[in-house]
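Let's take a walk through this structure, one residue at a time. Keep the viewer open and follow along.

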Amino acid sequence: MNVRSALVMAGLMLAFTVIVVVADKAGFIGDETSQRAVQVAIGLVVVYCANLAPKTLESMTSRCDPAKVQSLQRFSGWSLVIGGLGYAMTWLVAPIEYAGVTSMAVLGASLLLVLARYAWTLKSRADNQPSA
């Protein structure tokens, strides 16, 4: 994602939030609906960025096996896409009093999977290094 795309995404997110807040204050939608709408939008931004990340990350092929790097990047992208979808879906269907905690647990679990896979990749790389 280049700077222009990031600024457009941020502008769209801010505009959506302003529209939701104005609709809430005008009485068109309730507080719960406005909270859900903004949180679903955040989840969809996570999905968009996670889907884009493996396609745009700098390659570390000079230091690592290119196949392992690509595998890690694809796993990270998929895990975070699923986490972002889970976050958004939780805000759509879960009772409001549980939506915040549950959505963060879903997204946090996907992030933990990525960190575990990264640590496992580093460990397997260290195990394959010839000893000096």
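Start at Gly43, which you'll find in helix H2, the stretch covering residues 31-56. Bear in mind as you look that this is a predicted model. Is Gly43 buried or exposed? Its relative accessibility comes out at 0%, so Gly43 counts as buried, the cut-off for that label being under 20%.

So what does Gly43 touch, once residues up to four places away in sequence are set aside? The answer is Gly84, Tyr87 and Ala88.

With a relative accessible area of 18%, Gln39 is buried, because the label applies under 20%. Skipping neighbours within four places in sequence, Gln39 is in contact with Tyr87 and Trp91. Tyr87 therefore turns up in both contact lists, that of Gly43 and that of Gln39, with contact taken as heavy atoms within 4.5 Å.

Next comes helix H3, which runs over residues 66-93 and is where Leu92 has its place. Together with Met89 and Val93, Leu92 makes a nonpolar surface patch of about 310 Å².

Finally, a look at the rings. How many aromatic pairs does the structure hold? The count is 0. There is a charge over a ring, though: the charged end of Arg117 sits over the ring of Phe75, at 4.9 Å from the ring's centre.

How values were computed: Residues are numbered from 1 along each chain as its sequence is written. This is a predicted model: local features need pLDDT of at least 70, side-chain atom pairs count only at pLDDT 80 or more; totals for chains, interfaces and linings use all residues. Side-chain values use heavy atoms; hydrogens and water are left out. Patches are made of residues with over 30% relative accessible area and no salt bridge: like charges are joined within 9 Å, nonpolar side chains (Val, Leu, Ile, Met, Phe, Trp, Tyr) within 5 Å. Accessible areas come from the Shrake-Rupley method with a 1.4 Å probe; for residues, only the protein chains shown count as cover. A salt bridge is a side-chain nitrogen of Lys or Arg within 4 Å of a carboxyl oxygen of Asp or Glu. Helices (H or I, at least four residues) and strands (E, at least two) are DSSP runs, numbered from the N terminus. Rings of Phe, Tyr and Trp (its six-membered ring) pair if their centres lie within 6.5 Å; planes under 30 degrees apart count as stacked, over 60 as edge-to-face and the rest as tilted. A charge sits over a ring if NZ of Lys or CZ of Arg is within 6 Å of the ring centre and within 35 degrees of the ring normal. Buried means under 20% relative accessible area, exposed over 50%, partly exposed in between (1.4 Å probe, protein chains only).
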